[in-house]
Amino acid sequence: MAPTKADIEAARNATIEDVLGPGLDVLFCGINPGLYSAATGHHFARPGNRFWPALHLSGLVPRRLAPSEQHLLPSYGLGITNIVARATARAGELDPEELRVGGERLARLVAEVRPRVLAVAGVSAYRVAFARPAAQIGPQEETIGGAALWVLPNPSGLNAPWTVPRIAELMRQLRQPSRPAL
């Protein structure tokens, strides 16, 4: 059942558990949970978010998963976390210091979990969290916690220039052994 308007408003500042497992190929990292996601307890849950359709189209999972099936991700070598844990209505409500502290926490988590690739979904938040103001979408030169680093577009439906097929193509490249030029 979809959350009510009251459920969504009550989710402000709530958190969602990370989806982690051993031997991850890719750890996806959102900016922070939206209120709808926090109300459901599932990452990228808002209707219109393109994460789940793009994930399937990329071939990283064999079928389109519902957000409520996020617990299946580790069986495919995938996981999800966020730069900042607390839910807000818009990512713009996060201040730069909160993003920087979240980036430090993320680096520690990646060093502990040791995924092969960290894929941060949201270039603007990545730029602030990791002090990389010129970062672009695609593979990055640096690593974080020993993981290869990719920056993906934010899959929010509000990020209209990035269609499901374009996001899926970037996701498809995450498991390739070499990093293609974009």
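This is a predicted model: local features need pLDDT of at least 70, side-chain atom pairs count only at pLDDT 80 or more; totals for chains, interfaces and linings use all residues.
The largest nonpolar core has 25 residues, and within it Phe28, Leu55, Leu73, Met171 and Leu174 are the ones with the most contacts. As a general remark, nonpolar side chains in soluble globular proteins tend to be buried together.

If we now take Leu174 and set aside its neighbours within four places in sequence, the residues in contact with Leu174 are Val26, Phe28, Arg116, Val117, Ala119, Trp150 and Leu152.

Next, strand 2. Why can we call strand 2 largely enclosed by the rest of the structure? The reason is that five of its five residues are buried. Looking along strand 2, you will find Leu78, Ile80 and Asn82 pointing one way, while Gly79 and Thr81 point the other way, and all of these are buried. That pattern can be set beside the general rule that side chains in a regular strand alternate between the two faces of the sheet. Strand 2 runs parallel to strand 1, and the two are joined by five bridges; one of the pairings is that of Leu27 with Gly79 of strand 2.

Turning to helix 3, we see that it is mostly covered, with six of its eight residues buried, namely Phe51, Trp52, Pro53, Ala54, Leu55 and Ser58. The cover over these buried residues includes strand 1, strand 2 and helix 6. After helix 3 comes Gly59, which has a positive phi, near 90 degrees.

Finally, the largest pocket, whose volume is about 830 Å³. Its lining is made up of 37 residues, and those nearest the centre of the pocket are Asn32, Ala89, Ala91, Asn154 and Ser156. By class, the lining has 20 nonpolar and 15 polar residues, together with two charged ones. Helix 2 (35-40), helix 4 (96-113) and helix 5 (123-129) each supply at least two residues of this lining. Which helix gives the most to the lining of the largest pocket? That is helix 5, with four residues.

Terms used
Residues are numbered from 1 along each chain as its sequence is written. Side-chain values use heavy atoms; hydrogens and water are left out. A nonpolar core is a set of buried Ala, Val, Leu, Ile, Met, Phe, Trp, Tyr and Cys residues joined through side-chain atoms within 4.5 Å. Buried means under 20% relative accessible area, exposed over 50%, partly exposed in between (1.4 Å probe, protein chains only). Contact means heavy atoms within 4.5 Å. On a 1 Å grid over the protein atoms alone, a cavity is a set of points where a 1.4 Å probe fits but cannot get out, and a pocket is an open set with protein on both sides within 12 Å along at least five of seven lines; lining residues have an atom within 4 Å of a point. Grid points are joined across faces, edges and corners, and a volume is the space filled by probe spheres set on the points. Ala, Val, Leu, Ile, Met, Phe, Trp, Tyr, Cys and Pro count as nonpolar, Asp, Glu, Lys and Arg as charged, and the others, Gly among them, as polar. Two strands pair if DSSP finds at least two bridges between them.
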